[in-house]
Amino acid sequence: MNPSETPLSVVRAILDRVLDAAFPARCAGCGREGPPLCRSCLPALDARLDLPAGVPLGLPAEIPVPLLQLEWCAPFRGIVRDALHRLKYAGERRLAEPLGMAAARRWERAGVGADLVMHVPVHAERARARGYDQAELVARVAARHLDLPFAAGLVRVRATTAQFDLDRADRAANVAGAFAIAGAGSSRVGDGRVRPGADVRGRWVLLVDDVMTTGATLAACAGVLEAAGAMAVSAVTIARER
Ligand SMILES: [Zn+2]
């Protein structure tokens, strides 16, 4: 291959290996050298695994309309918060595997149904700067483990203020109109494979995100999907911040 034609993804993969060799991976929880989350820290992701589905959220409306179901793996603290920060801000992409598997485990245990997995996208500029969209990585892993198709079918059309800087009412206003269907109607569902610009009509979508607080962001995405004809929208996140 002519080096000038080397795709960016290949360059990135090589760079990742070089960096991995130079900086051996450490556990995001305890700092021990080895996998991105070691065996003693992994169970933190399953803090809620054995809880029954539908545990009250302590929100004014139990589940933000129009979500059908909302589940999460663990509280946003300690090892779980450290792991999500490492995935989001420190480029530790390998964490998507254990985090996505945790989301799949919780959903397998508590989820009522869904036939298509999607993620809550970050703004394209942020994904470009970071090199990836962390929620997409997690959602892809979860979809694989749930044996469901994945579609990168939503886009964030407007950059939003970080939700943790806002109070409850402002959070809903902040995300209103922030999402849209990607390339609406540009591809069809039918062979079980869905491409960006997915037709979500009649589908039961499982939204995956890294952290939820009030659920306003998930509800905004669900509204867009239902307006595009989705039959129902449920959601699972890795953590919930209170
Ligand atoms: Zn550890």
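A residue is called buried here when its relative accessible area is under 20%, exposed when that area is over 50%, and partly exposed in between, with a 1.4 Å probe and protein chains only. By this criterion valine 80, at 2% relative accessibility, counts as buried. The structure is a predicted model, in which local features need pLDDT of at least 70 and side-chain atom pairs count only at pLDDT 80 or more, whereas totals for chains, interfaces and linings use all residues. Residues are numbered from 1 along each chain as its sequence is written, and side-chain values use heavy atoms, with hydrogens and water left out.

Read from the N terminus, their order is α-β-α-α-β-α-α-β-α-β-β-α-β. Of the 242 residues of the chain, 46% count as buried. Contact means heavy atoms within 4.5 Å. Among the contacts in the chain with a separation of 6 or more, 72% are accounted for by residues 24 or more positions apart.

The description now turns to the sheet. Four strands make up an open sheet with the order E1-E6-E5-E2, and the pairing is parallel; two strands pair if DSSP finds at least two bridges between them. Strand E1 (70-75) and strand E2 (116-119) are at the edges and have a single partner strand each, so one side of each is left without a neighbour in the sheet. On average, neighbouring strands of this sheet are turned by 20° against each other, direction ignored. Axes for such angles are lines fitted to C-alpha atoms, for helices over the stretch in contact, and angles run from 0 to 180 degrees between N-to-C directions. Strands of a sheet pair through backbone hydrogen bonds, either parallel or antiparallel.

The individual pairings can be followed across the sheet. E1 and E6 pair in the parallel sense over five bridges, and proline 75 has arginine 240 in E6 as its bridge partner. Eight bridges connect E5 to E6, again in parallel; here valine 211 has alanine 239 of E6 as its bridge partner. Four bridges join E2 to strand E5 (residues 204-212), and these two strands also run parallel. Across this pair, valine 117 stands opposite leucine 206 in E5, and methionine 118 stands opposite leucine 207 in E5.

How enclosed are E1 and E5? Five of the six residues of E1 are buried, so E1 is largely enclosed by the rest of the structure. For E5 the count is nine of the nine residues, so E5 is likewise largely enclosed.

H3 has 15 residues and spans 21 Å from its first C-alpha to its last, close to the 21 Å expected at 1.5 Å a residue; the expected span is 1.5 Å times one less than the number of residues. Its buried residues include Leu99, Arg106 and Trp107. The cover over the buried residues of H3 includes E1, helix H2 (78-89), helix H5 (134-146), E5 and E6.

Valine 80, with which this account began, is found in helix H2. Leaving aside residues up to four places away in sequence, valine 80 touches Ala44, Leu45, Ala74, Pro75, Ile238 and Ala239. Valine 80 and isoleucine 238 are 158 residues apart in sequence, yet 8.2 Å apart in space, C-alpha to C-alpha. Another such pair involves proline 64, which lies in the loop between helix H1 (8-22) and E1 and is buried, with a relative accessible area of 11%. Proline 64 and threonine 214 are 150 residues apart in sequence and 7.9 Å apart in space, C-alpha to C-alpha.

The remaining topic is the metal site. The protein donors of the zinc ion are Cys27 (SG), Cys30 (SG), Cys38 (SG) and Cys41 (SG), at 2.3 to 2.4 Å from the ion. Donors are N, O and S atoms within 2.8 Å of the metal (3.2 Å for Na, K and Ca), and sites may look incomplete because water is not among the atoms. Along the chain the donors follow the spacing C-x2-C-x7-C-x2-C. The four donor atoms subtend angles of 105 to 115° around the zinc ion, which makes the arrangement tetrahedral; four donors count as tetrahedral if all angles lie between 85 and 135 degrees. Cysteine 38 counts as buried at 7% relative accessibility, and cysteine 41 is buried with a relative accessible area of 6%.

Notes: Four donors count as tetrahedral if all angles lie between 85 and 135 degrees; four count as square planar and six as octahedral if opposite donors are over 155 degrees apart and all others between 65 and 115; anything else is irregular.
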